[in-house]
Amino acid sequence: MSRPCSAGRGAVSGTADLLAGALGLSPDETTALLLSLRIAAVATLASLPPGLLVAWLLARRRFPGHALIDGLVHLPLILPPVVTGYLLLLAFGRRGLFGAWLAEIGIVFSFRWTGAALACAVMGFPLMVRAMRLSIEAVDRRLEQAAETLGAPPPLVFLAVTLPLSLPGILAGAVLAFAKAMGEFGATITFVSNIPGETQTLPSAIYTLTQVPGGEAGALRLTLISVAVSMLALLASEALARRMSRRIGAER
């Protein structure tokens with residue numbers, strides 16, 4: 001049973017060594033980069049299902065409390081990130097409203113990398129939902145109505161008509177959330193602190209390096225890497241969106 005685990009650790013260690021050699025990073029800096037990528041990926045993937053559901057509800061349904069839900073979704077964009085992190089601590093800390101119960105069943109967020117993923121997901125959720133909502137609203141409602149008149153149930157209409165046509169916006173929302181997660185700092189450091197190897201992401205590592213003598217070079221390296229990763233994600237999103245738009249246009 002221990003061999004697969006050892007192999008997995010060896011693969012991660014090999015990847016870290018490769019990145020450290022290629023980018024000239026120290027072991028701690030490499031760990032922060034890999035941890036940031038892991039946290040951003042988990043946060044984005046975990047946000048996709050609820051983000052798509054909320055975006056569809058806001059775009060296609062009118063119900064009591066619609067404006068309230070819309071406001072709550074966008075609240076992290078307005079609140080200071082430190083406030084969002086403190087609210088997460090009150091809710092999901094070990095003695096928090098939900099955290100105490102979750103800790104009893106072995107799920108702990110505070111001061112863990114999973115908590116950093118939760119904070120990043122919350123901060124990136126508004127950007128994801130907004131992009132998805134605008135994309136869904138741009139889908140011609142008559143196409144959905146035509147499918148409904150042919151007897152297709154709402155879930156099938158969504159999967160066969162709405163989802164394919166709004167896919168460029170969905171991809172854009174996912175990439176925006178990923179880029180936001182890569183740069184998230186305030187909510188993360190408030191909720192899970194700055195623990196090397198566990199919760200120290202790129203922004204936290206940059207902040208730490210700026211506080212120690214001689215850390216300017218490392219901070220600059222990580223800053224450039226952070227900018228490069230975010231730009232690559234945005235360029236990939238634009239390329240995918242254009243490709244999907246051309247494909248959808250050709251199918252029409």
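Helix axes whose N-to-C directions differ by over 145 degrees count as roughly antiparallel. In this predicted model, that cut-off applies to helix H2 and helix H11 (residues 202–210), whose axes cross at roughly 150 degrees and come within 8 Å. H2 and H11 are therefore roughly antiparallel to each other. On the H2 side the contact is formed by Glu29, Ala32, Leu33 and Ser36, which meet Leu202, Ala205 and Leu209 of H11. Five of these residues are nonpolar, one is polar and one is charged.

H2 itself covers residues 27–60. With 34 residues at 1.5 Å a residue, H2 should span 50 Å, and because its end C-alpha atoms lie 49 Å apart, the two values agree. H2 also has a kink of about 40 degrees, located at Leu48, shortly before the proline Pro49.

Leu48 is also one of the H2 residues that meet helix H9. Two packed helices are described by the angle between their axes and the distance between the axes. For H2 and H9 (residues 167–183), the axes come within 9 Å and the crossing angle is roughly 140 degrees. This pair is therefore oblique, and its crossing is right-handed. From H2, the contact draws on Ser36, Leu37, Ala40, Ala41, Thr44, Leu48 and Leu52; from H9, on Ile170, Ala174, Ala177, Phe178, Ala181 and Met182.

An α-helix has 3.6 residues a turn, so residues three or four places apart point the same way.

The axes of helix H4 (residues 81–92) and helix H6 (residues 113–138) come within 11 Å and cross at roughly 130 degrees. H4 and H6 are therefore oblique to each other, and H4 passes H6 in a right-handed crossing. Pro81, Thr84, Leu88 and Phe92 of H4 make the contact with Leu118, Ala119, Val122 and Met123 of H6. Seven of these residues are nonpolar, one is polar and none is charged.

How values were computed: Residues numbered from 1 in each chain as written. Predicted model: local features only at pLDDT ≥ 70, side-chain atom pairs only at ≥ 80, totals over all residues. Heavy atoms only, no water. Axes fitted to C-alpha atoms, helices over the stretch in contact; angles between N-to-C directions. Helix = DSSP H or I, 4+ residues; strand = E, 2+ residues; numbered from the N terminus. Parallel < 35°, antiparallel > 145°, perpendicular 65-115°, else oblique. Left-handed = near helix turned anticlockwise from the far one by under 90°. Contact = heavy atoms within 4.5 Å. Nonpolar A, V, L, I, M, F, W, Y, C, P; charged D, E, K, R; others polar. Expected span 1.5 Å × (residues − 1). Bend = angle between axes of the 7 residues up to and from the residue.
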